[in-house]
Amino acid sequence: MEGVRYEACHPLRRSRFGTVNFSSHSWTEIANGSGTLEGTVILPRSGAAKQSVLSATTPDGSVIYRKSDAFGYTDGYIVVDREWDARTREIKITALELRTWMYSVLLPPKLDLSGDINYSWTDVDQLTIAEQIVAYAVAGGRYDGRPEIDWVTSYSGKTRDLNLQGMQFKTAGEAIDSMSRRSGGFEWSIVPVQDNVDGLPRWRYQPWFPERGSLLGGFVLRRTPNGGNFWLTQPPTMSSSDRRSRVWTTGSTETPQYAVDSDPGLAGSDVLLREKSTNYSSVVERTTLASHARSERLFYNESLTTLQARVEPDALPIMAYRASDRCRVLYRDDMLDLDLKAARIIQRKVSESAGAVTTVEVVIDVADDLLPETDAGGTV
């Protein structure tokens, strides 16, 4: 498959176990989320090859990296489950994308039990706060079970306030998300990069402002009565059961604040009122509550939100696009007529067997067809 292989390394020492030769496998990508790798490998009967497979499939003891001849290291996955079938000598593994580790390490109080820690930022660029959260997450080093994670300093121009107490026991991932998922936020992940000295993969915290991905120029997902390069796997469903046209948000009880965001169509008698409220117990600033309210209202404001589809494996080289990218989507039948100039692929699952891609399944966000403003790093 397009010059792709899998390499396994220790998560802390970074020592290489060897190449993982899957008999079949699949991986799932999620825009601004954590992907999964699942695969099956045959256990050799003896020798170094057997030990290499055992080491490479040890839960929490191995990270499996995808490496492409064209794009280098693209993704890394921490092995979390291993299933052994003695009859067939098959080992089945499940591995989770590197960013999931950030949701299992805390911003805690003092380890020596001497007191709480106040993690506080006021009027600081949101990407700077996120970098400092990553620094807290890895501060103990690998002798405290923490992998090395580096980053390249970047700025968004959007400042935030964030205040957390160690006794709240928030994970580093939750702390970053408390900013990134507000209106005007960003997307982030932990990605593998090749070390310039030893050539082995390292972990890097990577933010994208305002979003990850690119516009796939010239690539069209098309389905009309005359045919196309994708087909739906689930009937399109329009529903207003989760739709909300006004969202209220409340904050900390210590300084009672609230905010609200409303659909502009309410004032023109175009939209039926549906409301919800959400509490953000650690938030004390109204501006922060307002950004949460707007983000939620936009999320809950559509009736037809996604198309679930299967794409022809040769529609575009597999490693040339991923979940989070945008493309033109044409879909036409007796009821729907969609021509989306920049619809976002929010999920992709690629399955491979015997060295060939068998299926590519995607979820397309049809409610999001607007390109964000280009960031300084040229995200789009």
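The model is predicted. A search of the whole structure finds two cavities of 30 Å³ or more. The second largest pocket has a volume of about 460 Å³. Helices H2 and H3 are roughly antiparallel to each other.

- Strand S5 covers residues 63-68 and pairs with S6 in the antiparallel sense. Six bridges hold this pairing.
- S5 and S6 form a hairpin, with three residues between them.
- Across this pairing, Arg-66 stands opposite Asp-75 in S6.
- S6 also pairs with strand S7 (residues 90-97), again in the antiparallel sense, over eight bridges.
- Tyr-77 has Glu-97 in S7 as its bridge partner.
- The hairpin of S6 and S7 has four residues between the strands. In this hairpin, Arg-89 takes a positive phi near 60 degrees.

**Sheet S10-S14-S13**

- Three strands make an open sheet in the order S10-S14-S13, and the pairing is mixed.
- Strand S10 (149-150) and S13 are the edge strands, and each pairs on one side only.
- S13 and S14 run antiparallel and are joined by eight bridges.
- Val-193 has Arg-202 in S14 as its bridge partner.
- H2 packs on this sheet and touches S10 and S14. The direction of H2 makes about 150 degrees with that of S14.

**Sheet S19-S18-S20**

- Another open sheet of three strands has the order S19-S18-S20, with mixed pairing.
- Strand S19 (258-262) and strand S20 (275-279) stand at the edges. Each has a single partner strand, so one side of each is left without a neighbour in the sheet.
- Neighbouring strands of this sheet are turned by 15 degrees against each other on average, direction ignored.
- Strand S18 (residues 246-250) and S20 run parallel, joined by five bridges.
- Thr-250 has Asn-279 in S20 as its bridge partner.

**Helix pair H2–H3**

- Two packed helices are described by the angle between their axes and the distance between the axes.
- Helix H2 spans residues 126-138 and helix H3 spans residues 172-180. They pack at an angle of about 175 degrees, with their axes 10 Å apart.
- Angles over 145 degrees count as roughly antiparallel, and H2 and H3 are therefore roughly antiparallel to each other.
- On the H2 side, the contact uses Gln-126, Ile-129, Ala-130, Ile-133, Val-134 and Ala-137. On the H3 side, it uses Ala-172, Ala-175, Ile-176 and Met-179.
- By class, this contact has nine nonpolar residues, one polar residue and no charged residues.

**Second largest pocket**

- The pocket has a volume of about 460 Å³.
- It is lined by 24 residues. Closest to its centre are Phe-71, Tyr-73, Thr-74, Arg-212 and Arg-322.
- The lining has 11 nonpolar, six polar and seven charged residues.

**Largest cavity**

- About 90 Å³ of space lies in the largest cavity.
- Its lining has 15 residues. Nearest its centre lie Ile-30, Ala-31, Asn-32, Gly-33 and Arg-212.
- S3 and S13 each supply at least two residues of this lining. S13 gives the most, with three residues.
- Five nonpolar, four polar and six charged residues make up the lining.
- Arg-212 is among the residues nearest the centre of this cavity, and also among those closest to the centre of the second largest pocket.

**Second largest cavity**

- The second largest cavity has a volume of about 70 Å³.
- Its lining consists of His-10, Pro-11, Leu-12, Arg-14, Tyr-65, Pro-147, Glu-148, Pro-201, Arg-202 and Trp-203.
- S14 gives the most to this lining, with three residues.
- By class, the lining residues divide into six nonpolar, one polar and three charged.
- Arg-202 lines this cavity and is also the bridge partner of Val-193.

Definitions and conventions:
Residues numbered from 1 in each chain as written. Predicted model: local features only at pLDDT ≥ 70, side-chain atom pairs only at ≥ 80, totals over all residues. Heavy atoms only, no water. Axes fitted to C-alpha atoms, helices over the stretch in contact; angles between N-to-C directions. Parallel < 35°, antiparallel > 145°, perpendicular 65-115°, else oblique. Contact = heavy atoms within 4.5 Å. Nonpolar A, V, L, I, M, F, W, Y, C, P; charged D, E, K, R; others polar. 1 Å grid on protein atoms, 1.4 Å probe; cavity = no way out; pocket = protein on both sides within 12 Å on 5 of 7 lines; lining within 4 Å. Points joined across faces, edges and corners; volume = space filled by probe spheres on them. Pairing = 2+ DSSP bridges.
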